[in-house]
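My notes follow in the order I took them.

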Amino acid sequence: MELSSELQNLNPTIYECTEERTLQESDLNNDVPDNIDCREVFDLIRTINDPEHPLTLEELHVVDLEGVTIDNEANTVQVQFRPTIPHCSMATLIGLSIRAKLIYTLPTRYKVGVNIYEGAHIQEVQINKQLNDKERVTAALENKHLCAVVNRCIATPDD
């Protein structure tokens, strides 16, 4: 996968970020069992950096809270995202970054699914198939160059 040095969306719209989550006392108590909720997952992915811009996926409205679905009984997490333009060549990399962040941070019992919102990209079916093929994702994350790009996207400021 060769990354283009030419920006496709020169002037993206920048959206206001969600307020930080207020932690409750029960959030800090490790003796209290607590399920993962949509806001926790959203907080994990909202700060992922866009590969083309010095902005987060939340600032570009690529991810939002409504796109996160959790089923704690079935141990599944589903994230839908929206590329900034319908022909975004970085959509697969963005989806891979979301998936990697969740795979690296959620407990291993969770099965993660990542998809583009229906109608948000001209190749959504092909990209969704790639993003949810375990062998393709594993191979992509074993590629040193691609893994380095993903790690730059998912790095937090305190990393």
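This is a predicted model: local features need pLDDT of at least 70, side-chain atom pairs count only at pLDDT 80 or more; totals for chains, interfaces and linings use all residues.

**Notebook: loops, cysteines and helix packing**

I began with His61, which is partly exposed, with a relative accessible area of 28%. I found His61 in the loop between α1 (38–45) and β1 (68–71).

Asn75 sits in the loop between β1 and β2 (76–81).

**The chain as a whole**

Next I stepped back for an overview. I counted five helices and three strands in the protein chain. Read from the N terminus, the order is α-β-β-α-β-α-α-α. Of the 159 residues in the chain, 40% are buried. I looked up the accessible surface too: about 9,700 Å², with 48% of that belonging to carbon and sulfur atoms. For contacts between residues at least 6 apart in sequence, I noted that 66% join residues at least 24 apart.

**Cysteines**

How many disulfides does the structure hold? I found zero. I still wanted to know where some of the cysteines sit.

Cys38 belongs to helix α1. I have it down as partly exposed because its relative accessible area is 26%, which lies between the 20% and 50% cut-offs. Leaving aside neighbours within four places in sequence, I see Cys38 in contact with Leu65, Val68, Thr69 and Ile70. I also took a C-alpha distance here: Cys38 and Glu66 are 28 residues apart along the chain, and their C-alpha atoms are separated by 8.5 Å.

Cys88 has a relative accessibility of 5%, so I count it as buried. Cys147 is buried as well, with a relative accessible area of 16%, because buried means under 20%.

Is His121 buried or exposed? I get a relative accessible area of 5%, so His121 is buried. I located His121 in the loop between β3 (111–116) and α3 (124–131).

Which residues does His121 touch, not counting those up to four places away in sequence? My list reads Pro83, Ile85, Pro86, His87, Cys88, Ala91, Ile116 and Ile127.

**Helix α4 and its two partners**

I finished with the packing around α4. Helix α2 (residues 91–105) and helix α4 (residues 134–142) have axes 11 Å apart and pack at an angle of about 90°. I therefore wrote down α2 and α4 as roughly perpendicular to each other. On the α2 side I listed Leu96, Arg99, Ala100, Ile103 and Tyr104, which meet Val137, Ala140 and Leu141 in α4.

How do the axes of α4 and helix α5 (residues 144–154) cross? At roughly 90°, I found, and the axes come within 5 Å. That makes α4 and α5 roughly perpendicular to each other too. Here Ala140, Leu141 and Glu142 in α4 meet Lys144, Leu146, Cys147 and Val150 in α5. I was pleased to see Cys147 come back on this page: I had already noted it as buried, and here it is among the α5 residues that meet α4.

Notes. Residues are numbered from 1 along each chain as its sequence is written. Side-chain values use heavy atoms; hydrogens and water are left out. Helices (H or I, at least four residues) and strands (E, at least two) are DSSP runs, numbered from the N terminus. Buried means under 20% relative accessible area, exposed over 50%, partly exposed in between (1.4 Å probe, protein chains only). Contact means heavy atoms within 4.5 Å. Accessible areas come from the Shrake-Rupley method with a 1.4 Å probe; for residues, only the protein chains shown count as cover. A disulfide is a pair of cysteine sulfur atoms within 2.5 Å. Axes are lines fitted to C-alpha atoms, for helices over the stretch in contact, and angles run from 0 to 180 degrees between N-to-C directions. Angles under 35 degrees count as roughly parallel, over 145 as roughly antiparallel, 65 to 115 as roughly perpendicular and the rest as oblique.
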